[in-house]
Amino acid sequence: MSTSTQRLGKGAELRSSSAKERHALLQRVLWSHRIANSERIRDFLLYVCERAFREPNAEIHEQEIGYRVFGRKPDYDTAADNIVRVTVSQARKKLEQYFATDGISEPVILEIPKGKYTPVFREREAVDEGDDPAQAELRLRLRRHRIAVATLAICVVVLALSAIWSTLSLRRERMAARPVLDTSPTLRALWSPLLQAPGRTDIVVADSSLSLFQGLLDRQLSLAEYLKPDLWTRADPLASEPVLQRFAQRAAQSRFTSLATVTAAYRIAQLAGRDQSRISFVYPRDFNIRQMKSDNVVLLGSSRANPWTELVQEHLTFLFHYDQQARLAYFENRDPHAGESNAYRSEANVSYCQIVYVPNLSKTGDILAIIGTEVEGTEGGAEFVTSESSLAQLRPLLPAARNGRFPYFEVLLRSSRFAGAAPSFSIIAVRALKA
């Protein structure tokens, strides 16, 4: 028998496991029932794996984990505080249990070697040479099918949770005593034209099934391709993979979003108070170009999960991109000012979000797009634009506008991401836009 091991810190590659597959494996592990309920273990595994994915040659140390994951001081005494060692020991046991039970069909195993903090992805033992080739192929297909089904099951859980959260949130909102905009002048300057003007306001949520599907591809789908889901299964990398084609077909038929997007939509709807009759929550595949021309629109998510953002980015300074090979989201700066970078790349502990406020396509209403490098970025951006104090920091950086409303703008925000959230943003760059 033979095995192949990859220690991410050394940059080697498994022969049969791509970076895309390792990312997918990590998500299945994090969402498994053995780990999903343990926030400490989940945060640890997410940090060390993402850190190793992005910096393959880096060594990961106990003190770094204590600081970045568990909020200890950068120079804390690891001898007196064993939170990292205890968590790693528990994580090793949970990983062993997962790959012996729920993950028994996984072709690659994730491990944290004793005495180390850098993750290792190891192939399961190869099939004996004397095995029947037909039986070996059958086992391989069955393993892949189980993985695809497990991933889809995760999606169903997310959809159910999202629906429950959305329903409860809207019920709470309808009980609000008075609109927030009545007592928040800076919020009113931005949101009154979007939520209180005549006509409809469409809040277009992210399509998490699209984001998941695009992880299988070597490029990003365009808006035109996205609106034809019957073509998803014909994407080039899937042509010779029937199992992945079936997965693509199910993804194209599914409609689910993330809890982060639901939270963002709730925060926005809350601003309208009781009168939500003009607000519609729309799935991207049910949206159309006519609404971009006639309605006020709020777009949530990057083009990986909400391709409609393509239509607002053409004339902007900061453009969202996603490196499919490195699995890295970033913003390109097409006109750097003094002190600005040419690009702003997401990292394991850094998230970016772009807020764009522009006229709709016929200039009869407005569009607000919240585009995060990750879902945490989008959620944090929604928190920024629904906070009176945050918008009060932004408004002096923009020219004065007529009628007491915000001028059109784009702003790039940066946040230190911690434990799967982006708790606060700092303003990196601001551009005023012409109407």
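Me: Which residues of helix 13 are buried?

Reply: First, a caution: this is a predicted model. Buried here means under 20% relative accessible area. In helix 13, that applies to E376, G377, T378, G380, G381, A382, F384 and V385.

Me: Which residues are buried in helix 10?

Reply: The list is A260, T261, V262, T263, A264, A265, Y266, I268 and A269. That makes 9 of the 12 residues of helix 10, so this helix too is largely enclosed by the rest of the structure.

Me: How do I check the span of helix 10?

Reply: Compare the end-to-end C-alpha distance with the span expected at 1.5 Å a residue. Helix 10 covers residues 259–270 and reaches 16 Å, close to the expected 16 Å.

Me: At what angle do helix 10 and helix 13 pack?

Reply: About 10°, with the axes 9 Å apart. Angles under 35 degrees count as roughly parallel. Helix 10 and helix 13 are therefore roughly parallel to each other.

Me: Which residues meet between helix 10 and helix 13?

Reply: Helix 10 brings A260, T263, A264 and R267. Helix 13 brings V375, E379, A382 and E383. Sorted by class, this contact has 4 nonpolar, 1 polar and 3 charged residues.

Me: How do the axes of helix 1 and helix 4 cross?

Reply: Again, read the angle and the distance together. The axes of helix 1 (residues 19–31) and helix 4 (residues 83–100) cross at roughly 100° and come within 11 Å. Angles of 65 to 115 degrees count as roughly perpendicular. Helix 1 and helix 4 therefore fall in that class. L25, R28 and V29 of helix 1 make the contact with L95, Y98 and F99 of helix 4. By class, that contact has 5 nonpolar, no polar and 1 charged residues.

Me: What is the strand order in the open sheet of 3 strands?

Reply: Read the order first, then the sense of pairing. The order is 7-8-9, and the pairing is antiparallel. Strand 7 (318–323) and strand 9 (343–345) are the edges; each has a single partner strand, so one side of each lacks a neighbour in the sheet. From one strand to the next, the twist averages 25°.

Me: How many bridges join strand 8 and strand 9?

Reply: Strand 8 (residues 328–333) pairs with strand 9 over 3 bridges, in the antiparallel sense.

Note on methods:
Residues are numbered from 1 along each chain as its sequence is written. This is a predicted model: local features need pLDDT of at least 70, side-chain atom pairs count only at pLDDT 80 or more; totals for chains, interfaces and linings use all residues. Side-chain values use heavy atoms; hydrogens and water are left out. Helices (H or I, at least four residues) and strands (E, at least two) are DSSP runs, numbered from the N terminus. The expected span of a helix is 1.5 Å times one less than its number of residues. Buried means under 20% relative accessible area, exposed over 50%, partly exposed in between (1.4 Å probe, protein chains only). Axes are lines fitted to C-alpha atoms, for helices over the stretch in contact, and angles run from 0 to 180 degrees between N-to-C directions. Angles under 35 degrees count as roughly parallel, over 145 as roughly antiparallel, 65 to 115 as roughly perpendicular and the rest as oblique. Contact means heavy atoms within 4.5 Å. Ala, Val, Leu, Ile, Met, Phe, Trp, Tyr, Cys and Pro count as nonpolar, Asp, Glu, Lys and Arg as charged, and the others, Gly among them, as polar. Two strands pair if DSSP finds at least two bridges between them.
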